[in-house]
Amino acid sequence: MNKPDVIIGLEVHIQLKSRSKLFCPCPTTGDDEPNTRVCPTCLGHPGSKPLLNKAAVDAAVRLALALSSQINPVLNFSRKQYFYPDLAKNYQITQYEIPVGNHGNITLANGKRIDLMRLHIEEDPAALTHTSTTCLIDYNRSGIPLIELVTEPAMHSPDEAREFLNTLMTILGYLNIFNPDEGVMKADANVSIAARGYTRVEIKNILGFKEIERALTFEIARQRAHEVVRETRGWDAAAGQTYRMRAKEKEEDYGYIFEPDIPSVNISQEYLNSIRTTVPELPSAKAERWVQTLHIDPTDATIISTELALAERFERLAQHHSAILVARWLRRELLRVLNLTGKKVNDVAEQRLHELFDLLEKKTITDKIGQQLIEELAKKEFSPKQRVEEQNLGAIGDVEAIKHACAEEMEKNKQAVADYKAGEEKAFHYLFGQVMRAMKGKAKPDVIKQVLKNILEG
Ligand SMILES: [Zn+2]
């Protein structure tokens with residue numbers, strides 16, 4: 001097999017949704033005034049002791065289980081020692097020798113499996129703000145629980161990296177352990193290309209999805225154009241370029257030691273089983289099951305499964321209506337109108353969709369009227385059933401009425417009739433459109449086509 005042109009590995013840092021910090025009871029959200037959510041532990045005062053946050057461990061184990069990682073039987077923490085003001089105690093508590101989980105994988109929407117190397121828990125350092133003369137430090141962030149997820153160097157384009165992150169986000173949403181509105185997602189990326197003998201460059205601290213894709217795209221182009229040395233680079237989002245930070249340091253430079261203040265925690269089978277019961281079926285498994293058992297379109301299945309609220313709604317609605325119809329309408333129509341209006345799935349009352357799908361299934365209304373109704377439902381709640389009765393929007397199956405409309409439109413558009421008879425197929429579409437409009441979308445298109453053809457050729 002040819003070696004790939006581009007090799008990308010990611011280390012993703014995910015801020016866990018947690019009320020308190022990893023080793024102290026300070027809140028993770030609330031007052032944004034700097035250095036207000038702090039205590040001796042997260043300020044690193046001598047003599048202060050860390051106390052492990054169980055909810056954070058539970059969340060990390062849930063993620064590790066969801067990603068099919070091997071969970072290590074003992075939970076240990078280590079000190080990563082370095083001198084920098086973002087950690088006042090001069091070390092970061094992390095997991096080095098033994099992470100929560102090893103291996104595991106994430107399956108992308110296109111079916112490709114990205115293997116993972118490890119997943120561990122660590123504390124976030126403080127936030128530094130550099131000005132021209134000073135450096136400001138906010139310890140509110142110090143000690144916030146993070147998960148670091150390290151992939152194998154298994155991705156081969158910035159697109160694929162973005163796809164990976166999208167899938168990861170969906171999984172985090174299903175597990176309810178990350179808040180995209182408050183939480184931060186950062187990544188370090190390893191990039192190398194064949195033309196430079198796969199000399200590895202690490203880009204540090206890229207903030208947010210779009211930036212990760214941009215940084216990778218820039219760095220690959222840079223490596224194609226210039227000599228590459230093994231180094232660590234930063235990402236300047238404003239300038240849209242990576243820059244040299246330092247020659248690559250080795251992990252040993254950090255002088256890791258086991259953290260003596262946190263006792264080892266045994267991860268029992270019983271504990272794992274209890275966490276396992278809280279891991280929901282993941283999007284890729286859901287989509288596959290729907291395709292297999294409900295026979296819905298695979299693309300519909302993938303798209304619907306990417307958002308938990310939509311996936312759950314689909315499953316409930318599909319119990320009462322044709323799954324194929326529900327899938328098609330949720331994906332093509334509901335998502336379309338939500339995009340247009342900027343609303344969320346739960347903004348459209350489920351009961352109203354029930355009514356709408358009922359009308360569509362019984363062919364009481366045409367697709368065209370259905371589209372109009374769903375557009376209006378995204379703006380304001382009303383009863384589709386009542387609206388159809390009040391405004392007489394029911395489908396017209398009466399062939400006489402359709403014949404009448406066809407005759408009227410042919411009378412008004414004599415030129416088009418002549419063109420059609422002279423062999424112009426386009427003229428038929430024009431006439432068809434005129435009749436559709438005259439019937440205000442209430443007649444079924446295929447019936448109109450048939451009736452119109454019969455008259456024109458009769
Ligand atoms: Zn604290």
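Predicted model: local features only at pLDDT ≥ 70, side-chain atom pairs only at ≥ 80, totals over all residues.
**Entry 1: strand β1**

I went to strand β1, residues 6-15, and asked how many of its residues are buried. The count is 7 of 10, so I noted β1 as mostly covered, going by the cut-off of 20 or more other C-beta atoms within 10 Å for a buried residue.

Next I looked up its partners. β1 pairs with strand β12 (residues 185-193) in the antiparallel sense, over 9 bridges. In that pairing I found Gly9 opposite Asn190 of β12. β1 also runs antiparallel to strand β11 (residues 145-151), and 5 bridges join them. Here Glu11 faces Val150 of β11.

**Entry 2: a sheet of three strands**

Which order do the strands of the open sheet take? I read it as β5-β4-β16, with antiparallel pairing. β5 (91-94) and β16 (257-258) are the edge strands, each pairing on one side only. I then checked β4 (residues 78-81) against β16: they are antiparallel and share 2 bridges. Ser78 is the residue I found opposite Phe258 in β16.

**Entry 3: Ala215**

I picked Ala215, which lies in helix α3 (residues 209-225). Buried or exposed? Ala215 has 28 other C-beta atoms within 10 Å, so it is buried. I listed its contacts, skipping residues up to four places away in sequence: Ala189, Ile203, Ile206, Trp235 and Thr242. I also looked up the distance to Gly111, which is 104 residues away in sequence; the two C-alpha atoms are 25 Å apart in space.

**Entry 4: two positive phi values**

Asn176 has a phi near 55°. I found Asn176 in the loop between α2 (158-175) and β12. With 13 other C-beta atoms within 10 Å, Asn176 is partly exposed.

Lys363 also has a positive phi, about 55°, without being a glycine. Its loop runs between α9 (350-361) and α10 (367-377). Why do I call Lys363 exposed? Because it has 12 other C-beta atoms within 10 Å, and 12 or fewer counts as exposed.

**Entry 5: helix α6**

I moved on to helix α6, residues 298-305, and wrote down its buried residues: Asp300, Ala301, Thr302, Ile304 and Ser305. What do they pack against? I found α5 (283-294), α7 (308-317) and α8 (323-341).

I took α12 (residues 399-412) and α14 (residues 425-438) as a pair. Their axes come within 9 Å and cross at roughly 125°, which means α12 is oblique to α14. I noted the α12-α14 crossing as right-handed. On the α12 side the contact uses Ala405, Cys406, Glu408, Glu409 and Met410; on the α14 side it uses Leu431, Gln434, Val435 and Ala438.

Then I looked at α14 with α15 (residues 445-457). These axes are 10 Å apart, and the packing angle is about 125°, so α14 is oblique to α15. The α14-α15 crossing is right-handed. From α14 I listed Leu431, Phe432, Val435 and Met436, and from α15 Pro445, Ile448, Lys449 and Leu452. Leu431 and Val435 of α14 turn up in the contact with α12 and again in the contact with α15.

**Entry 6: Leu456**

My last stop was Leu456, in helix α15. Leu456 is partly exposed, because it has 16 other C-beta atoms within 10 Å. Leaving out neighbours within four places in sequence, I found Leu456 in contact with Val417 and Tyr420. How far is it from Leu456 to Cys406, C-alpha to C-alpha? I got 9.5 Å, for two residues 50 places apart along the chain. Cys406 was already in my notes, as one of the α12 residues in contact with α14.

Methods
Residues numbered from 1 in each chain as written. Helix = DSSP H or I, 4+ residues; strand = E, 2+ residues; numbered from the N terminus. Contact = placed C-beta atoms within 7 Å. Pairing = 2+ DSSP bridges. Axes fitted to C-alpha atoms, helices over the stretch in contact; angles between N-to-C directions. Parallel < 35°, antiparallel > 145°, perpendicular 65-115°, else oblique. Left-handed = near helix turned anticlockwise from the far one by under 90°.
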